[in-house]
Amino acid sequence: MSEPRVRPDPAFALLELYESALPEVYGYLLARCGDRGVAEELTSETFLGAVHACRSTGAPPVSTRWLIGVARHKLVDHWRRREREERGLRVVGESEPESVDPWDAELDALLAREVLESLGAHHRAALTLRYLDGLPVPEVAHVLGRTVHATEALLVRARNAFRAAYREEEVRDD
């Protein structure tokens, strides 16, 4: 009678990569959300999600690039949760919608980050994936779970909202 073979846990590959990948995953998230606490929480969610994912059948090989992809999905999920919460608060508080203003100025990086953070999660996610991560529109659509056409329309609205909020902040700072 032969002894049953014990298959090693695929999560061990993730453990071997953890120390080198952790700063990259955390840095990726921090650069996009600007909040250390949120970046730490999402980094933790990324690695926990990665452990679960790498144990599933047909999982891709564990790599830092793959972990960044997992982090991207966790960040989008975070923004969606946050948008749902904010939408509920807006309904209760009856806040006014953002207005659209023309815009033709150079961006100040710090101001741009503040403005991006002030946008709704769906706008922030679309702009971040498209312009900070440099993903093509079809890939942004895939990550956001939308059609390409709906994503293009979302990007137009997101750019307009960004321009309006940026202009408003710029005037307020003067």
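Q: A salt bridge is a side-chain nitrogen of Lys or Arg within 4 Å of a carboxyl oxygen of Asp or Glu; how many does the structure hold?
A: This is a predicted model, in which local features need pLDDT of at least 70 and side-chain atom pairs count only at pLDDT 80 or more, while totals for chains, interfaces and linings use all residues. Residues are numbered from 1 along each chain as its sequence is written, and side-chain values use heavy atoms, with hydrogens and water left out. Side chains of opposite charge can pair when their charged atoms come close. The number of salt bridges in the structure is four.

Q: How many residues apart are Asp133 and Arg32?
A: The side chains of Asp133 and Arg32 meet in a salt bridge, at 2.5 Å from N to O. Asp133 sits in the loop between helix 5 (121-132) and helix 6 (137-144), whereas Arg32 belongs to helix 1; helices are DSSP runs of H or I with at least four residues, numbered from the N terminus. The pair links distant parts of the chain, and the separation in residues is 101.

Q: Are Arg72 and Asp133 buried or exposed?
A: A salt bridge of 3.2 Å, N to O, joins the side chains of Arg72 and Asp133. Arg72 lies in helix 3 (residues 64-93) and Asp133 in the loop between helix 5 and helix 6, so the pair ties together parts 61 residues apart in sequence. Buried means under 20% relative accessible area, exposed over 50%, and partly exposed in between (1.4 Å probe, protein chains only). By that rule, both Arg72 and Asp133 are buried.

Q: Which residues are linked with Asp133 in a network of salt bridges?
A: Asp133 pairs with Arg32 and also with Arg72. The residues that join Asp133 in the network are Arg32 and Arg72.

Q: What is the relative accessible area of Asp77?
A: Arg80 forms a salt bridge with Asp77, with the closest N and O atoms 3.9 Å apart. Because Arg80 and Asp77 are three residues apart in helix 3, about one helical turn separates them. Arg80 is partly exposed at 32%. Asp77 is partly exposed too, and its relative accessible area is 33%.

Q: How many disulfides does a search of the whole structure find?
A: A disulfide is a covalent bond between the sulfur atoms of two cysteines, and the search looks for a pair of cysteine sulfur atoms within 2.5 Å. Cys33 is buried at 8% relative accessible area, and Cys54 is buried at 5%. The number of disulfides found is zero.

Technical notes: Helices (H or I, at least four residues) and strands (E, at least two) are DSSP runs, numbered from the N terminus.
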